[in-house]
Amino acid sequence: EHQAWQARVAALPAADSLSTEVQRLVRQRVGQDRYRQAMLSYWGGACAVTGLALAPALRASHAKPWADCSTDAERLDVFNGFLLSANLDALFDKFLISFSDAGEMLIGSSVSLADRHLLGLSNGLKLRWVAAGHAKYLPHHRDRFESVNALLT
């Protein structure tokens, strides 16, 4: 198999006619760093679920996605999301996990028992706390979670 892979690489056009790099024009989300800093402060620098305090592995996740927000105030509202470890953020962002109003983690039906184990998604995981301000955004995320998981089953 390794030899077959090497043959495919050798068959690619010469480097001067094919670049392995591409230039992109990027529209940066202004305020996202400020949102992350606010989330780090609000959650005490630790994952809202696990308590992991390794800052490079934490993500400021939006419950109501940035693109769905109608105002900058919604986008930057500290209650519009959670500080999550990278693996939980990836699942939350793709609506494979969500949270009840009481903060219990909801796990999508497409996440197999084996994957739940590998991801450390044990029963009883929940947010360390839920504030009244989260109630404005959690239903939005849960609605998307429910529709995504209905399509996957």
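User: Why is C69 called buried?

Analyst: In this predicted model, the relative accessibility of C69 is 5%. Buried means under 20%, so C69 counts as buried.

User: What makes C47 buried?

Analyst: C47 has a relative accessible area of 0%. That value is under 20%, so C47 is buried.

User: How many disulfides are there, and by what rule?

Analyst: A disulfide is counted where two cysteine sulfur atoms lie within 2.5 Å. By this rule the count comes to 0.

User: What makes the pair of Y42 and W43 edge-to-face?

Analyst: Two values settle the matter. The ring centres of Y42 and W43 are 5.2 Å apart, and rings pair if their centres lie within 6.5 Å. Their planes stand at 85 degrees, and planes over 60 degrees apart count as edge-to-face. The pair is therefore edge-to-face. The structure holds 8 aromatic pairs.

User: Are Y42 and W43 buried or partly exposed?

Analyst: W43 has 1% relative accessibility and so counts as buried.

User: How do you know which class the pair of F82 and F92 belongs to?

Analyst: The centres of the rings of F82 and F92 are 5.9 Å apart and their planes are at 80 degrees, so this pair is edge-to-face. The pair links distant parts of the chain, with F82 in strand β2 (residues 81-85) and F92 in helix α4 (residues 86-93), 10 residues apart. Both F82 and F92 are buried.

User: Which residues do ring pairs link into a cluster?

Analyst: The cluster consists of Y42, W43, F79, F82, F92, F99 and W129, linked by ring pairs.

User: Why is β2 described as largely enclosed by the rest of the structure?

Analyst: Of the 5 residues of β2, 5 are buried, so the strand is largely enclosed by the rest of the structure. Both of its faces are covered: on one side G81, L83 and S85 are buried, and on the other F82 and L84 are buried.

User: What makes β1 and β2 paired strands?

Analyst: Strands pair if at least two bridges are found between them. Strand β1 (residues 58-62) and β2 have 5 bridges and pair in the antiparallel sense. Within this pairing, R59 has L84 of β2 as its bridge partner.

User: Why does S85 count as buried, and which residues does S85 touch?

Analyst: S85 lies in strand β2. Its relative accessibility is 6%, so S85 counts as buried. Leaving out residues up to four places away in sequence, S85 touches C47, L52, A57 and L58.

User: What joins the side chains of S85 and N87?

Analyst: A polar contact of 2.7 Å joins these two side chains. The cut-off for such a contact is within 3.5 Å.

User: Why is H62 called buried?

Analyst: H62, in strand β1, has a relative accessible area of 13%. Buried means under 20%, so H62 is buried. The H62 side chain reaches the backbone oxygen of R75 at 2.8 Å. Leaving aside neighbours within four places in sequence, the contacts of H62 are Y35, R75, N80, G81, F92 and H141.

User: Why is T50 called partly exposed?

Analyst: T50 has 48% relative accessibility. T50 is found in the loop between α2 (32-42) and β1. The side chain of T50 reaches the backbone nitrogen of L52 at 3.1 Å. T50 and L88 are 38 residues apart in sequence, and their C-alpha atoms are 9.5 Å apart in space.

Terms used: Residues are numbered from 1 along each chain as its sequence is written. This is a predicted model: local features need pLDDT of at least 70, side-chain atom pairs count only at pLDDT 80 or more; totals for chains, interfaces and linings use all residues. Side-chain values use heavy atoms; hydrogens and water are left out. Rings of Phe, Tyr and Trp (its six-membered ring) pair if their centres lie within 6.5 Å; planes under 30 degrees apart count as stacked, over 60 as edge-to-face and the rest as tilted. Buried means under 20% relative accessible area, exposed over 50%, partly exposed in between (1.4 Å probe, protein chains only). Helices (H or I, at least four residues) and strands (E, at least two) are DSSP runs, numbered from the N terminus. A polar contact is a pair of N or O atoms within 3.5 Å; within protein, one must be able to donate a hydrogen and the other to accept it, and residues adjacent in sequence count only if both atoms are side-chain atoms. Contact means heavy atoms within 4.5 Å.
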